[in-house]
Amino acid sequence: MSALAKLKLVSVQAQRKSPAVSRRNKLTGKIADQIAYAKAANAGEIYASKRVKFVTDEATGERKQITLSARVKPWWFTAANGKMVLALRYGAKQIEIAKGKNAIEVAGMDDLVATLEVIKEAVQAGELDAQIELASVALRAGFAKKK
C-alpha cells in the first residue's frame with residue numbers, strides 16, 4: 001500500500017474574499033488601532049502600531065523578519081465649537097457616514113472608545129459598505145495615471 005493511499009484526497013478550489021469583505025477587514029483593523037490609541041491616550045501612555053517587514057541582509061543575503069513601529073494618527077479632534085468629533089477615514093479619504101454628515105460628535109475620551117466599538121460592529125455587519133466603496137473608489141482615483 002502506498003503512502004498516498006492512506007490519505008483522503010479531495011478536489012477543492014480556494015474561495016476568494018469579495019472586495020467588500022476585504023475593505024471591511026481593512027477598516028476594522030484600522031478602527032482597532034484607533035481603539036487601542038484612544039485607550040492608551042486615556043491612560044496617559046503612548047501607542048504605536050506594530051507591523052512586520054522582511055529585509056534582506058546585504059552581508060549574508062539572508063531574508064530576515066523585523067518588527068517596526070507604525071505611527072497611528074488619531075481620527076478625533078476638537079472642532080471649532082469646542083466639542084470633540086470623530087471622523088472615519090479609509091486611507092486618506094474621509095467616509096461620509098450619512099448624507100452630508102462626515103463626523104460623529106463625542107462627549108469625551110471615555111465616550112470615544114465606546115463610539116469606536118459601535119462603529120466597528122457596524123462595519124463588520126456591513127452597514128457602511130456603500131460608504132466604504134465610495135471612499136475606496138476616490139482613493140484609487142488618486143493613484144490613476146494622468147493622461
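Which glycine follows helix 1, and is its phi positive or negative? Glycine 44 comes after helix 1, and its phi is positive, near 80°. Keep in mind as you read on that this is a predicted model.

**Helix 1**

Let's start with the helix that leads into that glycine. Helix 1 covers residues 19–43, which makes 25 residues. From the first C-alpha to the last it reaches 36 Å, close to the 36 Å expected at 1.5 Å a residue. Its buried residues are Arg23, Leu27, Thr28, Ile31, Asp33, Gln34, Ile35, Ala38 and Ala40. Several elements take part in covering them, including strand 1 (49–56), strand 3 (76–78) and strand 5 (89–90). Helix 2 (109–124) and helix 3 (129–141) are also among the elements that cover the buried residues of helix 1.

**Helix 2**

Helix 2 has 16 residues, which should span 22 Å at 1.5 Å a residue; its end C-alpha atoms lie 23 Å apart, so the span agrees. Leu112, Val113, Thr115, Leu116, Ile119, Ala122 and Val123 are buried in this helix. Their cover includes helix 1, strand 3, strand 4, strand 7 (104–106) and helix 3. Just after helix 2 there is again a glycine to look at: glycine 126 takes a positive phi of about 85°.

**How the two helices meet**

Two packed helices are described by the angle between their axes and the distance between the axes. Here, the axes of helix 1 and helix 2 come within 10 Å and cross at roughly 170°. Helix 1 is therefore roughly antiparallel to helix 2. The crossing in which helix 1 passes helix 2 is left-handed. By class, the contact between the pair has 12 nonpolar, 4 polar and 5 charged residues.

| Residue | State | Relative accessible area |
|---|---|---|
| Leucine 88 | buried | 2% |
| Glutamine 131 | buried | 19% |
| Arginine 51 | partly exposed | 43% |

Leucine 88 sits in the loop between strand 4 (84–86) and strand 5. Leaving aside neighbours within four places in sequence, leucine 88 is in contact with Trp75, Lys93, Gln94, Ile95, Ile97, Asn102, Ile119 and Leu128. Leucine 88 and isoleucine 31 are 57 residues apart along the chain, with 8.7 Å between their C-alpha atoms.

Glutamine 131 belongs to helix 3. The relative accessible area of glutamine 131 is 19%, and the cut-off for buried is under 20%, so this residue counts as buried. Not counting residues up to four places away in sequence, glutamine 131 touches Ile95, Glu96 and Ile97. Ile95 and Ile97 are also contacts of leucine 88.

Arginine 51 takes us to strand 1. With neighbours within four places in sequence left aside, arginine 51 is in contact with Ile66, Thr67, Leu68 and Ala70. Arginine 51 and methionine 109 are 58 residues apart in sequence, and their C-alpha atoms are 26 Å apart in space.

Key:
Residues are numbered from 1 along each chain as its sequence is written. This is a predicted model: local features need pLDDT of at least 70, side-chain atom pairs count only at pLDDT 80 or more; totals for chains, interfaces and linings use all residues. Side-chain values use heavy atoms; hydrogens and water are left out. Helices (H or I, at least four residues) and strands (E, at least two) are DSSP runs, numbered from the N terminus. The expected span of a helix is 1.5 Å times one less than its number of residues. Buried means under 20% relative accessible area, exposed over 50%, partly exposed in between (1.4 Å probe, protein chains only). Contact means heavy atoms within 4.5 Å. Axes are lines fitted to C-alpha atoms, for helices over the stretch in contact, and angles run from 0 to 180 degrees between N-to-C directions. Angles under 35 degrees count as roughly parallel, over 145 as roughly antiparallel, 65 to 115 as roughly perpendicular and the rest as oblique. A crossing is left-handed if the near helix is turned anticlockwise from the far one by less than a right angle, and right-handed if clockwise. Ala, Val, Leu, Ile, Met, Phe, Trp, Tyr, Cys and Pro count as nonpolar, Asp, Glu, Lys and Arg as charged, and the others, Gly among them, as polar.
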